[in-house]
Amino acid sequence: MSRKLRLMIPGPTPLPPEVSAALARPMVGHRARDFAALTERLHGKLQQVMQTKNEVFILTSSGTGGLEAAIANTVNPGDKVLALVAGKFGERFRDLARTYGAEVVELQFPWGTPVDLDAVAEALRKHPDLKMVLATQNETSTGVVHDIRGLGYLTAQHAAVLAVDAVSGLGGIDLPADEWGVDILVTASQKALMTPPGLAMISLSAKAWALVDQCRAPRYYFSLPAAKKALAKWNTAYTPAVSLFFAQEAALDLILAEGLEQVFARHRLLGQAVREGVKALGLELLPAPEAAASPVVTAVKSPDGIPADDLRKLLFDRYGVLFAGGQAALKGRIFRIAHMGYVDKLDVLTALGALELALNDLGYKVPLGSGVAAAQRVFLGGVV
Ligand SMILES: *Cc1c(COP(=O)(O)O)cnc(C)c1O
């Protein structure tokens, strides 16, 4: 038998069979009526899952393309932008703003901790000329969820627009974008949205569009005014990844059939089970405080004497289970277990069981079944 692979990385994530089947559908003309109808339906479903009434632009690119669109359409050289950095993806958003000539005011927070709202409030007071605040909903590199609601409350009283990278959290963690005052929301297909990589989604509030209207930065493929013009005809400015549109609709149908509340509750429960499981093995979690721990990805410190990447390699080679490694300063020190999208309780038990085997293989003796049992206890006590 060929090795059975189990992807437990924060994107790309496993595909539900309905999504795989949609990928095999015959091609349609992207300027034909059928495709316009699909775009209109997909748009409505995205608005539901993104919890916004704003228009949603579907770009054929990875998530970073969506982030680039957010910056390229709003930032004029010299504009002051506040970047909230507590991990790799906060850095990426900051770097994008710098690339487009922003004068970046940076607030750094230790990796593994959430953004401190008091520090943000102070920066907003100190810099009334800030145009934009760049935030990350779910910092995938550390497994921490930031307080977007709190940030939205602060920016609502300020001229600055709140731009949120929700690439890894959207569809797994509640983010009522309009209600919380998110002005620019960016997500992508390949994480909690259960679709292959290749689509980025972005929506903008009226407050954010005012920046677009004043933006003189050069852009072409990622021009949102061009996307807006095309969307008026339920179209895209350039040839879209047609198959991914099919697949994304199938995935959103599954999310909406399960119900957003239930999807969020499922992820919370899976996250809790993973955390209890690894703690029962005597391993330490990265996120502190635990209240900020992500429901969709868990960062775990590798035990002393066990390099995280050796553990990951063994898990993959021997058991076909793929965990993600640490990035930047955390490389080799942590491994990350993703539980986003098409993931259920038994996936979590499998991951923990494999982790127990691999730790023992490497000579780090943990009682077999102890992590699995801790997760099972969470499930028996849980409601999902
Ligand atoms: C995955 C991810 C991205 C985008 O990465 P791409 O590889 O360009 O899709 C951006 N932000 C966060 C928080 C992510 O997890």
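Trainee: Which residue forms a salt bridge with aspartate 129?

Mentor: Ground rules before that: this is a predicted model, where local features need pLDDT of at least 70, side-chain atom pairs count only at pLDDT 80 or more, and totals for chains, interfaces and linings use all residues. Residues are numbered from 1 along each chain as its sequence is written, and side-chain values use heavy atoms, with hydrogens and water left out. A salt bridge here is a side-chain nitrogen of Lys or Arg within 4 Å of a carboxyl oxygen of Asp or Glu. With the closest N and O atoms 3.3 Å apart, the partner of aspartate 129 is lysine 80.

Trainee: How many residues apart in sequence are the parts which that pair ties together?

Mentor: Helices (H or I, at least four residues) and strands (E, at least two) are DSSP runs, numbered from the N terminus. Aspartate 129 sits in the loop between helix 5 (117-126) and strand 5 (132-136), while lysine 80 is in strand 3 (residues 80-85), so the parts tied together are separated in sequence by 49 residues.

Trainee: And how many salt bridges cross the interface of domain 1 and domain 2?

Mentor: An automatic or database domain assignment gives the bounds: domain 1 is 17-257 and domain 2 is 260-381. The whole structure has 18 salt bridges. Across the interface of these two domains, though, the count is 0.

Trainee: What area is buried between domain 1 and domain 2?

Mentor: Buried area is the accessible area (1.4 Å probe) that two parts lose on being put together, summed over both. Contact means heavy atoms within 4.5 Å, and it takes 26 residues from domain 1 and 23 residues from domain 2. Carbon and sulfur atoms give 68% of the buried area, which is about 2,000 Å².

Trainee: Which residues of domain 1 lose the most area to domain 2?

Mentor: Together they make up 20% of what the domain 1 side buries. They are Trp111, Gly143 and Gly172.

Trainee: Now the open sheet of 5 strands: which strands stand at its edges?

Mentor: Two strands pair if DSSP finds at least two bridges between them. The order is 1-13-14-12-11, with mixed pairing. Each edge strand has a single partner strand, so one side of each is left without a neighbour in the sheet: these are strand 1 (6-8) and strand 11 (284-285).

Trainee: Which residue in strand 12 is the bridge partner of leucine 285?

Mentor: Strand 11 and strand 12 (residues 297-301) pair in the antiparallel sense over 2 bridges. The partner of leucine 285 is valine 300.

Trainee: Is the peptide bond from glycine 11 to proline 12 cis or trans?

Mentor: Most peptide bonds are trans. Proline 12 lies in the loop between strand 1 and helix 1 (17-23). With omega near -5°, the bond from glycine 11 to proline 12 is cis.
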